[in-house]
Amino acid sequence: MKNQEIKKYNEELTNGTMETTMDLVTKATALICELSEDEMLSKNRERHLVDARRIAYAVNRLFFKYPLLRIGKFYKKNHATIIHQVNVHNAIIQYDKDYAMKYQMVLNCVRDEVGLEHIQEYKNLMDKIYNTAFKRITELNNTDTPQNS
């Protein structure tokens with residue numbers, strides 16, 4: 001790390017900025033994945049809950065570059081769990097389009113600093129765009145396919 005990065009990191013630690021950001025990521029992920037914050041932080045291993053947690057870990061690690069130990073401490077997980085989930089994230093995002101869309105929505109909300117009060121509005125807009133695009137692609141595929149008489 002460069003000296004400026006170390007100073008910034010230390011300032012974030014002392015000011016609580018890192019925890020505030022991780023809390024924002026958790027809230028944004030919970031809203032987009034339609035979960036409560038308690039479900040996000042629970043030990044339940046249902047697929048939709050694990051996916052939501054994985055999104056939060058990935059945003060914190062890949063976008064904010066937070067240390068594994070700090071992410072693990074915030075979510076009450078071992079740092080190895082965070083490493084594993086980020087690796088799984090990198091694999092799953094390539095083939096699970098719904099997961100990829102949720103991840104992108106969380107990332108966009110955090111990157112664009114969309115306020116928590118506007119996340120539901122943002123999610124509805126993105127869902128509408130996605131559904132319109134999907135419907136159009138389906139229509140195009142149906143017109144390109146020769147029909148048997």
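Is K76 buried or exposed? At 76% relative accessibility, K76 counts as exposed, where exposed means over 50% relative accessible area, buried under 20%, and partly exposed in between, with a 1.4 Å probe and protein chains only. The model is predicted, so local features need pLDDT of at least 70 and side-chain atom pairs count only at pLDDT 80 or more, while totals for chains, interfaces and linings use all residues. Residues are numbered from 1 along each chain as its sequence is written, and side-chain values use heavy atoms, with hydrogens and water left out.

K76 sits in the loop between helix 5 and helix 6 (79–92); helices are DSSP runs of H or I with at least four residues, numbered from the N terminus. Its phi is near 60°, a positive value in a residue other than glycine. Most residues other than glycine have a negative phi. K65 also has a phi near 60°, again positive without being glycine. The loop that holds K65 runs between helix 4 (47–63) and helix 5 (68–75). With a relative accessibility of 62%, K65 is exposed.

The aromatic rings come next. A pair of aromatic rings is described by the distance of the centres and the angle of the planes. Rings of Phe, Tyr and Trp (its six-membered ring) pair if their centres lie within 6.5 Å; planes under 30 degrees apart count as stacked, over 60 as edge-to-face and the rest as tilted. By this rule there are four aromatic pairs. One of them joins F63 and F64, whose ring centres are 4.9 Å apart with planes at 80°, so this pair is edge-to-face. F63 is partly exposed at 32% relative accessible area, and F64 is partly exposed at 24%. The rings of F74 and Y75 also have centres 4.9 Å apart and planes at 80°, so they too form an edge-to-face pair. F74 is partly exposed, with a relative accessible area of 22%, whereas Y75 is buried at 3%. Ring pairs link F74 and Y75 with Y57 into a cluster.

On the surface, E37, D38, E39 and E46 gather in a patch of negative charge. Such a patch takes residues with over 30% relative accessible area and no salt bridge, and joins like charges within 9 Å. A salt bridge is a side-chain nitrogen of Lys or Arg within 4 Å of a carboxyl oxygen of Asp or Glu. Asp and Glu count as negative, and the place of a charge is taken as CG of Asp or CD of Glu. D38 lies in helix 3 (residues 37–41) and is exposed, with a relative accessible area of 65%.

Methods. Helix = DSSP H or I, 4+ residues; strand = E, 2+ residues; numbered from the N terminus. Patch = residues over 30% accessible without salt bridge, like charges linked within 9 Å, V, L, I, M, F, W, Y side chains within 5 Å. Areas by Shrake-Rupley, 256 points an atom, 1.4 Å probe, with all protein chains shown as cover.
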